[in-house]
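My notes follow in the order of the look-ups.

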Amino acid sequence: MNVPQHVAIILDGNGRWAKEQGKPRTYGHKQGALAVHRILEDADALGIKYLTVYAFSTENWKRPKAEVSALMQILKKELEDNVARSMKNNIRCRVIGDRGPLSKGILSAIDRLEGETKNNTGLQFTLAINYGSRDEITRATRLLAADAASGRISAEEITEEMIASRLDTKDIPDPDLLIRTMGDQRISNYLLWQCAYTELYFTDTAWPAFDRAALEKAIAAYAGRDRRFGGLKEKEED
Ligand code: IPE
Ligand code: IPE
Ligand code: MG
C-alpha cells in the first residue's frame with residue numbers, strides 16, 4: 001500500500017469527547033496525550049516517516065485561563081516524558097511554533113527533548129506548540145524584510161524556497177496527508193503554506209478514540225487518492 005511519508009494531524013475533540021462521558025475537558029486532554037503515544041508507535045509500525053501534530057494553536061490562548069494552564073502543564077509533562085520514550089524508540093522530536101510566550105519550564109523541556117533526540121534516525125516527530133501558520137509566515141516575512149533592508153538580498157530575488165527555508169518546518173518535507181478528527185472540516189491555521197498539495201482527510205472519531213484501525217482507514221483513503229499536483233495522469237495525455 002502507498003503509505004504517506006508525512007502525516008500531519010489536527011487532534012481535535014478532546015473536550016467534546018470528555019463531556020460526552022460526563023468528565024471535565026482536562027480529562028479529554030490527558031487521554032488525548034495518551035492517544036499521541038499510541039499513534040507514534042502505530043505510525044512507526046506502518047512505515048510513516050514524519051508525524052506532525054497540532055497540540056496548541058496561537059488562538060488557543062483565548063480559552064479559559066484554567067484550561068490553558070492545564071494544557072500547558074500536560075504539554076510540559078509530555079515534553080519531559082518524551083525524552084526516554086523517544087530514545088528507546090529512536091524517535092527524533094522537534095517543536096514548531098512561536099516560543100516567545102512559552103514558560104521557562106516548557107522552553108527548557110523543549111531544548112532538552114530536541115537536543116537529546118537530535119541524532120535519532122527513526123520516526124521524525126514534530127509537535128506544534130503555540131503554532132499558527134499566519135504567525136509563522138509573518139515571522140518568515142520579517143526575516144526576509146530584514147535581509148532586504150540590510151541589502152543582503154533584493155526583493156526581486158525572493159523565491160518560494162527562500163520563504164520555505166525561513167518557516168519553522170524548514171527541515172521537514174510537506175505533509176502528504178492531513179487528518180482532522182471530530183468532524184469539523186477546517187484547517188484552523190495549521191500548515192497553510194505546507195499543505196498546498198496535501199490530501200485532506202476528516203473523520204468523526206474524537207482524538208482520544210483515534211486508534212490504529214482509524215489510522216489505517218485514513219491511510220487506505222490516502223492510497224486511493226490520485227495526486228496530480230496540477231499536472232495530468234499519464235493516461236490522460238493526448
Ligand atoms: C483538541 O481538543 C486539543 C486542543 C485544541 C488543545 P479540543 O480542546 O479542541 O476539544 P474540542 O474541539 O473542544 O472538543
Ligand atoms: C485546532 O483545534 C488546534 C489544535 C488542535 C491545537 P481548535 O479546536 O482550536 O480549532 P477550532 O477552534 O475548532 O477551529
Ligand atoms: Mg477543538
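For the element numbering, I took strands as DSSP runs of E with at least two residues, numbered from the N terminus. The model is a predicted one.

I listed the residues around ligand 2 and got Ile-10, Leu-11, Asp-12, Tyr-54, Ala-55, Phe-56, Ser-57, Asn-60, Arg-63, Arg-180, Arg-186 and Ser-188. I asked which element gives the most to this shell. Strand 2, residues 50–57, does, with four residues. Sorted by class, the shell holds five nonpolar, three polar and four charged residues.

Ligand 2, polar contacts. I checked oxygen atoms of the ligand against polar side-chain atoms. For Arg-186 I noted a distance of 2.8 Å. For Asp-12, an N or O atom of the side chain is 3.1 Å from a ligand oxygen. For Arg-180 the corresponding distance is 3.3 Å. I then looked up the cover: the protein takes up 78% of the 380 Å² of accessible area that ligand 2 has on its own. I also looked up the site, and ligand 2 sits in the largest pocket.

Backbone angles. I kept in mind that most residues other than glycine have a negative phi. Asn-189 has a positive phi of about 70 degrees and is not a glycine. I located Asn-189 in the loop between strand 5 (177–180) and strand 6 (199–202). Is Asn-189 buried or exposed? I count Asn-189 as buried, because its relative accessibility is 14% and the cut-off is under 20%.

Phe-229, also not a glycine, has a positive phi near 50 degrees. I placed Phe-229 in the segment after helix 7 (212–223).

Terms used. Residues are numbered from 1 along each chain as its sequence is written. Chains are lettered from A and ligands numbered from 1 in the order in which they are written. This is a predicted model: local features need pLDDT of at least 70, side-chain atom pairs count only at pLDDT 80 or more; totals for chains, interfaces and linings use all residues. Side-chain values use heavy atoms; hydrogens and water are left out. A residue is near a molecule or strand if one of its heavy atoms lies within 4 Å of it. A polar contact is a pair of N or O atoms within 3.5 Å; within protein, one must be able to donate a hydrogen and the other to accept it, and residues adjacent in sequence count only if both atoms are side-chain atoms. Accessible areas come from the Shrake-Rupley method with a 1.4 Å probe; for residues, only the protein chains shown count as cover. On a 1 Å grid over the protein atoms alone, a cavity is a set of points where a 1.4 Å probe fits but cannot get out, and a pocket is an open set with protein on both sides within 12 Å along at least five of seven lines; lining residues have an atom within 4 Å of a point. A molecule sits in a cavity or pocket if more than half of its atoms lie within 2 Å of its grid points. Ala, Val, Leu, Ile, Met, Phe, Trp, Tyr, Cys and Pro count as nonpolar, Asp, Glu, Lys and Arg as charged, and the others, Gly among them, as polar. Buried means under 20% relative accessible area, exposed over 50%, partly exposed in between (1.4 Å probe, protein chains only).
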